[in-house]
Every structure is written in C-alpha cells, then in structure tokens.
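Try each task before reading its solution.

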Amino acid sequence: MELFEKIIQISSMMSVTGYEDYEDSSLRDLVEGEFDAIEADALKNRILVKKCGRENAPKILIDTHFDEIGMYVSDIHEGGFLSVVNIGGLDTRILQAADVMIYGKKLLRGVIASTPPHLARAEDKGKLCAVDKLFIDTGYDKQALASLVAIGTPVGFAPKYTRLGEKMLAGKGFDNKACAACAIEAITKTAREELAGDVYLLLSAHEETDRLGGVVCGAYRILPDYAMVVDVNLGRTPDTPTHETVALGKGISVTLSAVTDRKLTARTLALAEEKEIPVQRIVSANSTGTNAETLGLVKGGIPVVDVGLPLKSMHTYNEVLHLDDCDTLTALIAAFICDKKTAEVFA
C-alpha cells in the first residue's frame with residue numbers, strides 16, 4: 001500500500017475525541033502482523049510495540065495523537081434537525097453546509113444547515129454562528145431520527161479526499177492521523193535488527209480536549225527513555241505570518257522550545273542533516289501546543305523532541321498536506337528509531 005493510501009485509510013477512521021477506538025478492528029486489521037503487541041487502556045490509548053530483540057534495550061516512544069475534532073448531538077428537533085456541541089476546536093467559519101456523518105444506531109449522513117443570505121437578519125450579517133446554534137439536517141422526521149440517534153451521539157466530518165495538483169492531498173482527519181500513518185509506515189518498514197531500541201508507538205487519546213489526558217497515562221505505562229512527539233503544524237498561506245507558520249513541501253518542522261529537551265532536539269537536527277532530510281526550524285518558546293510539553297511532567301520527566309507535519313486549513317473538513325512532507329516525516333521517524341547515538345546518550 002502506498003503511503004498516501006495509508007494516510008487516507010487511517011484518516012478516514014472515525015476517532016472523534018472520546019471515540020478513539022470506534023474503528024479499532026479496522027486499525028488492527030491494517031497493522032496485523034507488523035507489531036509484537038497492541039495494547040489499550042481505559043482512556044482509549046493504543047500502544048503499538050515493536051521489539052528490537054535485545055535484552056534491556058532502550059525504550060523509544062513515538063507519540064502521535066489519534067483523536068480528531070468533531071461534535072456530539074445535544075438535541076433532536078422537529079423536521080429531522082440535530083443540535084450539536086463541539087469537541088475540540090472546530091473552525092466555525094467553515095461549518096455551514098459541511099457534510100457530516102452521524103454515528104448512531106446506523107450510520108447517517110447529514111448537512112449542517114445554512115441560513116440563506118436573503119433571510120439573514122441585518123444584525124447577524126458578518127457574525128459567526130456558534131456551533132451550538134447550528135443545526136444538522138438529516139432528512140428524517142423527528143420520530144424516525146430519535147429511534148436512530150441519541151443525545152451524545154458522535155458526529156464527524158464526511159471522509160472525502162481530493163488530490164490537489166500532483167503532490168497535495170485535501171480531506172478530514174489529517175490532524176493527527178496523517179502523522180500516525182507516517183509513524184506506522186516508518187516503524188513497519190524498518191527491520192527489527194536496525195532498531196536502536198524497543199519502539200512504542202502511542203496513538204494517544206484526548207489531545208484535542210486535554211493534553212493532560214491520554215498521553216500522560218500512555219507514557220506513564222511505557223516509561224520510555226526518550227520520545228518524539230509528532231503532530232501537525234500550521235501550514236503557511238498568503239494570509240498568515242511567516243514566523244508563525246511552516247511552508248509546505250519544504251520539509252517537516254523541528255521545534256525549539258523551553259519545554260522540549262535541547263540535547264535531544266539538537267541530536268535530531270544533526271541526524272536530519274546527516275541523512276539529508278529537509279527540516280524547518282521553528283521557535284515556540286513557551287508552549288508547543290502539542291503533547292511534547294506534557295511528557296516533561298510524567299514521573300521524573302521524559303526527554304522529548306517536537307516534530308511537525310505542515311498542514312493548511314487545520315481543524316476544518318478540508319485540511320491540506322503535501323505528500324513530500326509525509327515522505328520526509330516517515331524518513332525522519334525511521335532515522336530516529338534507528339539512531340544508536342541517541343540511544344547511547346539517553347538510555
């Protein structure tokens with residue numbers, strides 16, 4: 001399977017925060033036979049383990065959170081409409097008219113209703129409608145809908161994917177399952193004897209709502225010697241400041257921050273240079289906005305480097321990534337888990 005196909009397959013899986021294990025069987029089928037163990041916990045973290053075959057080997061953690069933004073049903077109305085509340089930071093500027101999937105007793109399609117501009121009140125023009133004021137149109141009557149959908153039912157964006165030009169891919173769920181796909185690709189394609197230690201891929205839960213949630217429990221269970229947190233980063237567009245974004249197609253990002261380990265970050269940058277892997281240095285002095293800063297709080301603290309995959313239109317149903325960057329990310333993860341110098345310093 002090509003990497004971009006794996007990205008689509010994994011990103012298509014429904015994993016709205018709180019339902020990270022909704023398609024657990026699909027994930028397990030995808031990685032069957034590629035890992036020595038697949039563990040799970042009460043918070044719906046999944047830990048995929050690949051051993052190097054040596055006793056007392058270092059423990060290397062790769063964290064890629066698996067949950068995605070979405071909604072929960074909060075009310076059912078006459079005419080087949082649903083009210084929802086958001087889970088995670090939905091971009092309300094693009095929600096109206098979005099195609100959604102409602103994961104009830106059976107899978108339902110829906111469209112977020114949009115008020116025609118002809119009917120918009122003057123005082124509402126130019127204002128964003130709060131998520132809990134929007135309605136999902138299902139096409140069912142209330143009685144039929146209530147028999148299929150309960151309050152609290154998760155709602156996600158419809159999994160539709162589009163190639164833009166030769167190298168871009170647009171669709172939902174790339175934050176952060178595209179990174180998970182790259183990590184799975186890197187680990188499964190690396191021979192066991194090449195690993196610098198035992199590798200633990202943490203598909204962590206609850207990142208979109210609480211970074212003190214899933215990754216803390218998962219990392220405490222593993223207690224790795226060192227870690228790489230991989231998450232998407234803000235892709236550059238003409239309307240965004242250069243110093244806060246990263247360019248697509250120019251390589252992945254490595255974060256320089258007070259909340260990450262300076263020595264591990266420097267070694268990762270040196271490794272990228274040795275392997276001729278293009279990276280972009282970014283500064284996030286006080287907070288990375290990822291699980292990286294949280295790992296420093298686990299037990300005695302875990303040395304961590306923060307790596308980012310450039311992504312445009314983040315937290316929308318048409319996030320955009322560059323396939324060259326996905327190849328680059330895969331290459332860096334593979335180099336990181338095989339690097340004996342890093343293992344010697346941090347084990």
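**Exercise 1.** In this predicted model, find which residues of helix α5 (residues 214-222) are buried, and work out how they are arranged around the axis of α5.

*Solution.* Start with accessibility: a residue is buried when its relative accessible area is under 20%. In α5, that picks out Gly 214, Val 215, Gly 218, Ala 219 and Ile 222. Next, look down the axis of α5: the buried residues fall within an arc of 110 degrees, so they line one face of the helix. Then ask what that set packs against: the partners are the strands β2 (46-50), β3 (59-63) and β12 (198-203), together with α7 (292-295). Finally, step just past the end of α5, where Leu 223 has a positive phi of about 50 degrees.

**Exercise 2.** Compare the salt bridge of Arg 28 with Asp 24 and that of Arg 192 with Asp 36: where do the partners of each pair lie?

*Solution.* For Arg 28 and Asp 24, the closest N and O atoms are 2.6 Å apart. Both residues belong to helix α2 (residues 24-31), four residues apart, or about one turn. Arg 28 is partly exposed at 31% relative accessible area, while Asp 24 counts as buried at 19%. For Arg 192 and Asp 36, the N to O distance is 2.7 Å. Arg 192 sits in the loop between α4 (174-188) and β12, and Asp 36 in the loop between α2 and β1 (37-40), so this pair ties together parts 156 residues apart in sequence.

**Exercise 3.** Starting from Thr 342 in helix α9 (residues 340-346), follow its contacts to a salt bridge.

*Solution.* Thr 342 is buried, with 1% relative accessibility. Leaving out residues up to four places away in sequence, Thr 342 touches Tyr 226, Leu 264 and Arg 267. Take Arg 267 onward: its side chain meets that of Glu 274 in a salt bridge of 3.0 Å, N to O. Here Arg 267 is buried at 14%, whereas Glu 274 is partly exposed at 46%.

Notes. Residues numbered from 1 in each chain as written. Predicted model: local features only at pLDDT ≥ 70, side-chain atom pairs only at ≥ 80, totals over all residues. Heavy atoms only, no water. Buried < 20%, exposed > 50% of the residue type's maximum accessible area, 1.4 Å probe, protein only. Helix = DSSP H or I, 4+ residues; strand = E, 2+ residues; numbered from the N terminus. Arc of directions from axis to C-beta. Contact = heavy atoms within 4.5 Å. Salt bridge = Lys/Arg side-chain N within 4 Å of Asp/Glu carboxyl O.
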